[in-house]
Amino acid sequence: MNPLPSGLRWQAFGSGGPTTLIVHGLGATAGEARIPASGLPGTRVIVTLPSHSGAADAPDGYWTYPRIARDLWDVAQEVGATRAIGVSLGAGALVALLASRPDAFERVALLLPATLDRPRPRQTVEDLVNAVELPEGVDAGAYLQARAAAFRRLSAAVAAMPGQVSVAEPGVLARVTAPVLVVAATDDPLHPEPVAKAMAAAFPAGVLEVYPSRTPLVTHRRELRALLVDFTRV
């Protein structure tokens, strides 16, 4: 693990090019953070945000999209990342990064974005814990307990993030010429489909993929893996 002063950590897997930066969503477990990296070609650099898994707790005032974006840019430069994949909070931080550095990556995938230029509704820890639709065979009790513990540790982020936007003026994203893939879910109260549609439309080379599921990273994992592998390989 390679820590930054903020507590953010990153770890590289695989070798060769391309190098893809993977940024998880708020409250993700270590296993969930690795889902978008599955099968990707080249080197996968998986970020662990502060206050997640084994990373140190975030410093006061950390939870803003621009602040997270600065950390991601530091890691991207260090590892030479040419691609980036972000989920939910990670997607929002990558958008904030692209707003200030439109040529940061050659390809970007934004999965289940929660906000673009409008703050998302405030949710309680209970809302966030119960938002995931689990497949059959998963021990829901143990999973929900772990998820609740993760979000209790993230109380500062849960309080801070709903009042924020990824970018105040989406028009600045018109400077991004790289292909941008946006993945949306239907019937997801935390990641509304209209947000994903607006995000894809904000990029000149934006493409939208909508899965008929509340939690496509779980229910459509195989299809999503194939999509991301093809997208990052080019």
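The largest nonpolar core of this predicted model comprises 52 residues. A nonpolar core is a set of buried Ala, Val, Leu, Ile, Met, Phe, Trp, Tyr and Cys residues joined through side-chain atoms within 4.5 Å; buried means under 20% relative accessible area with a 1.4 Å probe, protein chains only. L21, L49, W63, L72, F105, L110 and F203 have the most contacts inside this core. Elements giving two or more residues include β3, β4, α2, β6 (107-111) and α7 (193-202). The largest share, 9 residues, comes from α3. A second, separate core has 20 residues, among them A37, L40, L111 and L224.

Residues are numbered from 1 along each chain as its sequence is written. Local features need pLDDT of at least 70, side-chain atom pairs count only at pLDDT 80 or more, and totals for chains, interfaces and linings use all residues; side-chain values use heavy atoms, without hydrogens and water.

Helix α2 covers residues 65-79. Helices are DSSP runs (H or I, at least four residues), and strands are E runs of at least two. The buried residues of α2 are Y65, I68, A69, D71, L72, W73, V75 and A76. Their cover includes β2 (9-14), β3 (19-23), β4 (43-48) and α3 (89-100). At the helix start, a side-chain oxygen of T64 lies within 3.1 Å of the backbone nitrogen of R67. G80 follows α2, with a positive phi near 70°.

The structure holds 1 cavity of 30 Å³ or more. A cavity is a set of points on a 1 Å grid over the protein atoms alone where a 1.4 Å probe fits but cannot get out; lining residues have an atom within 4 Å of a point. The space in the largest cavity is about 50 Å³. Its lining consists of I35, P36, S38, R221, L224, R225 and L228.

Methods. Expected span 1.5 Å × (residues − 1). Buried < 20%, exposed > 50% of the residue type's maximum accessible area, 1.4 Å probe, protein only. Contact = heavy atoms within 4.5 Å. Polar contact = N/O pair within 3.5 Å; in protein donor to acceptor, adjacent residues only side chain to side chain. 1 Å grid on protein atoms, 1.4 Å probe; cavity = no way out; pocket = protein on both sides within 12 Å on 5 of 7 lines; lining within 4 Å. Points joined across faces, edges and corners; volume = space filled by probe spheres on them.
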